[in-house]
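Welcome! Here are some exercises on helix packing and aromatic pairs, each with a worked solution. Try each task yourself before you read on.

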Amino acid sequence: MGPSSSQDSDDDQNDGVEMKGLFIGRDVQAYDLACDLSLKVNFNLLERSPKKMVVYLNEEYHSTWLGNKSIYRTRMAIDDGGELIVLAPWVETFGEDDCIDSLIRKVGYVGTPEIMKAMENDDELKSNLSAVAHLIHGSSEGRFSVTYCPGKLTKEEVKSVGYKYSDLEKMKQVYNIETLKDGWNTRTDEDGSEEEFYYISNPALGLWAHPSRFEEESDTSDAAQKHGDVTISSNQEASDGSGGVGGWKKPPRKPDCAL
């Protein structure tokens, strides 16, 4: 899937999305061809890192479990010290079920080191590694701030998991999705000052990055690092990267989540 081209008919009711390719096969060639096309259609390499990004979540996104595509699809583009604003009218919960929701509320999106520490001391979290991965992917690691503007979560709930909060209606007046275009935008404040920001109308349609995020760290000489029972590859950073979980050597059995 990808954004429609400007040549599409106005009668095409696809909300700006169209099928760009269909690959079916039992060998790796079909997969490789699909990856090549996705790289051309869905990968957005920006010439400069936005200090501010604004992402809109449509009615498909009713939880941060889904809505945090706004974070992990844009984290490689946002500038250090920047801000991500998430306009989320339909978000009403954190997890997709009560079990995961309770774990998110208990731990929060507090950064890889704290999440890993919580996992070491919490058997329930050890048994729900998908929640661990989600919490890490949804953490900015302190490199940029995340301001959630949900329609159905309270300020207290949002701040309790580590995000900033702003009123949705107020922010929609500042960032009017009816007039914004995908990509770079500029708005003018009442005092005449201008603010430039990057807008994304649907984070599911791509990945955004700046070339500098692909540069290898000069001091990563070891082939792998160890963190308890978790293996972390040398091109991941547990403290200020977007990843950190390499995988369990012996995955624990997953019991029912205790609520």
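## Getting started

Of the 259 residues in the protein, 41% are buried (buried means under 20% relative accessible area, exposed over 50%, and partly exposed in between, with a 1.4 Å probe and protein chains only). This is a predicted model, where local features need pLDDT of at least 70 and side-chain atom pairs count only at pLDDT 80 or more, while totals for chains, interfaces and linings use all residues. Residues are numbered from 1 along each chain as its sequence is written, and side-chain values use heavy atoms, with hydrogens and water left out.

The protein has nine helices and 12 strands (DSSP runs numbered from the N terminus: helices are H or I with at least four residues, strands are E with at least two).

## Exercise 1: α5 and α7

Task: Work out how helix α5 packs against helix α7, and which residues make the contact.

Solution: 
- Step 1. Find α5 at residues 112-120 and α7 at residues 129-137; they pack at an angle of about 165°, with their axes 9 Å apart. Axes are lines fitted to C-alpha atoms, for helices over the stretch in contact, and angles run from 0 to 180 degrees between N-to-C directions.
- Step 2. List the contact residues (contact means heavy atoms within 4.5 Å): α5 gives T112, I115, M116 and M119, and α7 gives L129, V132, L135 and I136.
- Step 3. Sort them by class: the contact of α5 with α7 has seven nonpolar, one polar and no charged residues. Here Ala, Val, Leu, Ile, Met, Phe, Trp, Tyr, Cys and Pro count as nonpolar, Asp, Glu, Lys and Arg as charged, and the others, Gly among them, as polar.

## Exercise 2: α4 and α7

Task: Describe how α4 and α7 cross.

Solution: 
- Step 1. The axes of α4 and α7 come within 10 Å and cross at roughly 45°.
- Step 2. That angle makes α4 oblique to α7.
- Step 3. I100, L103, I104 and V107 of α4 meet S130, A131, H134 and L135 of α7.
- Step 4. By class, this contact of α4 with α7 has six nonpolar, two polar and no charged residues.
- Step 5. Now look at the buried residues of α7, which are A131, V132, H134, L135 and I136. They pack against α2 (64-67), α4 (98-107), α5 and α6 (123-126).

## Exercise 3: aromatic pairs

Task: Classify the ring pair Y148 and Y163, then the pair Y175 and F197.

Solution: 
- Step 1. A search of the whole structure finds four aromatic pairs. Rings of Phe, Tyr and Trp (its six-membered ring) pair if their centres lie within 6.5 Å; planes under 30 degrees apart count as stacked, over 60 as edge-to-face and the rest as tilted.
- Step 2. The ring centres of Y148 and Y163 are 5.3 Å apart and the planes are at 25°, so this pair is stacked.
- Step 3. Y148 and Y163 are both buried.
- Step 4. For Y175 and F197, the centres are 5.0 Å apart and the planes are at 80°, so this pair is edge-to-face.
- Step 5. Check burial: Y175 is buried at 3% relative accessible area, and F197 is buried at 1%.
- Step 6. Y109, Y148 and Y163 form one aromatic cluster.

Key:
Parallel < 35°, antiparallel > 145°, perpendicular 65-115°, else oblique.
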